[in-house]
Amino acid sequence: MVSIKDTEVVLIEAVQPFDINSLGNLFGGRMLEWMANIGTVAATRFSRAPQSLHTWTGTSS
């Protein structure tokens, strides 16, 4: 069984000027992008299989 510690991922990103708004705050979408990437890495480690991120629109078709 995979322990939670084995799925730990550390990401260090340099925040660039195009990542922030005029008040100096990081754009939320940029942070969510980083979180999605790290979540995919953690899920891959946990499941020991390739993972992919899918979008959900909240509607059934």
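Three salt bridges are counted in this predicted model, where a salt bridge is a side-chain nitrogen of Lys or Arg within 4 Å of a carboxyl oxygen of Asp or Glu. Because the model is predicted, local features need pLDDT of at least 70 and side-chain atom pairs count only at pLDDT 80 or more, while totals for chains, interfaces and linings use all residues. Residues are numbered from 1 along each chain as its sequence is written, and side-chain values use heavy atoms, with hydrogens and water left out.

**The network**

- Salt bridges link Asp-19, Arg-30 and Glu-33 in a network.
- Arg-30 pairs with Asp-19 at 2.9 Å between the closest N and O atoms, and this pair links distant parts of the chain, eleven residues apart, with Arg-30 in helix H1 (residues 28-47) and Asp-19 in the segment before H1; helices (H or I, at least four residues) are DSSP runs, numbered from the N terminus.
- Arg-30 also meets Glu-33 in a salt bridge of 2.9 Å, N to O, and both residues lie in helix H1, three residues apart, about one turn of the helix.

**Accessibility within the network**

- Asp-19 is buried, at 2% relative accessibility, where buried means under 20% relative accessible area, exposed over 50%, and partly exposed in between (1.4 Å probe, protein chains only).
- Arg-30 counts as partly exposed at 23%, and Glu-33 is likewise partly exposed, with a relative accessible area of 39%.

**The Lys-5 and Glu-8 pair**

- The side chains of Lys-5 and Glu-8 form a salt bridge with an N to O distance of 2.7 Å.
- Lys-5 is exposed at 62% relative accessibility, whereas Glu-8 is partly exposed at 42%.

Technical notes. Helix = DSSP H or I, 4+ residues; strand = E, 2+ residues; numbered from the N terminus.
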